[in-house]
Amino acid sequence: MTNSQEYYLPSVLVQTNSYDCGVHVCRYVVNLVRMVNDAEVKMPNVKMTDVMDNFSTSISGHELFGYTESDISRMRTEIYNVMFLHLCLHKIKHHNFRSL
């Protein structure tokens, strides 16, 4: 028995280098969560065509996915800043200032 899986590929920005895959994944996840939870950008009523193409068209046409490489560059910096702030707060909490 052979199992096969169909893949649907929405038309979204893809990485153009060998180091931003994680940033793109984070951006996709944030956008998908916002599509579901944020009242301002929420998807309209789901239609059968959306289900049939695994929401490929809905994602491709959604404003959240209309970002550019400059947005990815900015987001990479934002992720770094959040991680650095988390590290600093952790060190402050544990009184380990020597390695800051």
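Colleague: Why are R74 and E78 said to be separated by about one helical turn?

Modeller: They are four residues apart in helix 4, so about one helical turn separates them. A helix here is a DSSP run (H or I, at least four residues; strands are E, at least two), numbered from the N terminus.

Colleague: What makes R74 and E78 a salt bridge?

Modeller: The rule asks for a side-chain nitrogen of Lys or Arg within 4 Å of a carboxyl oxygen of Asp or Glu. For R74 and E78 the N to O distance is 2.9 Å, so the pair qualifies. R74 also meets D71, at 3.3 Å from N to O. R74 and D71 both lie in helix 4, three residues apart. Salt bridges that share partners join D71, R74 and E78 into one network.

Colleague: Before we go on, what kind of model is this?

Modeller: It is a predicted model: local features need pLDDT of at least 70, side-chain atom pairs count only at pLDDT 80 or more, and totals for chains, interfaces and linings use all residues. Residues are numbered from 1 along each chain as its sequence is written, and side-chain values use heavy atoms, leaving out hydrogens and water.

Colleague: Where is the confidence highest, and where is it lowest?

Modeller: pLDDT is the predictor's confidence in each residue, from 0 to 100. Helix 4 (residues 69-93) has the highest mean, at 89. Helix 2 (residues 48-52) has the lowest, at 69. The protein chain has a mean of 77, and 73% of its residues reach 70 or more.

Colleague: Why are R74 and E78 called partly exposed?

Modeller: Buried means under 20% relative accessible area, exposed over 50%, and partly exposed in between (1.4 Å probe, protein chains only). R74 has 39%, so it is partly exposed. E78 also has 39%, so it gets that label too.

Colleague: How many salt bridges are there in total?

Modeller: The count is three. One of them joins D20 and R76, with the closest N and O atoms 2.8 Å apart.

Colleague: What does the pair of D20 and R76 tie together?

Modeller: D20 lies in the segment before helix 1 and R76 in helix 4, so the pair ties together parts that are 56 residues apart in sequence. D20 has a relative accessibility of 1%, so it is buried. R76 has 31%, so it is partly exposed.

Colleague: Which residues of helix 4 are buried?

Modeller: I72, M75, C88 and K91 are buried in helix 4. The buried residues of helix 4 pack against helix 1. H24 is placed in helix 1. Its relative accessibility is 3%, so H24 is buried. Beyond residues up to four places away in sequence, H24 touches L13, V14, Q15, Y67, E69 and I72 (a contact is heavy atoms within 4.5 Å).

Colleague: What about aromatic pairs? How many are there?

Modeller: There are three. Rings of Phe, Tyr and Trp (its six-membered ring) pair if their centres lie within 6.5 Å; planes under 30 degrees apart are stacked, over 60 edge-to-face, and the rest tilted.

Colleague: Why is the pair of Y28 and F65 called tilted?

Modeller: The centres are 6.3 Å apart, and the planes make 40 degrees, so the pair counts as tilted. Y28 lies in helix 1 (residues 21-37) and F65 in the loop between helix 3 (56-60) and helix 4, so the pair ties together parts 37 residues apart in sequence. Y28 is partly exposed, at 22%, while F65 is buried, at 6%.

Colleague: And what makes the pair of Y80 and F84 stacked?

Modeller: The centres of Y80 and F84 are 6.3 Å apart and the planes are at 10 degrees, so the pair is stacked. Both lie in helix 4, four residues apart. Y80 is exposed, at 54%. F84 is partly exposed, at 42%.
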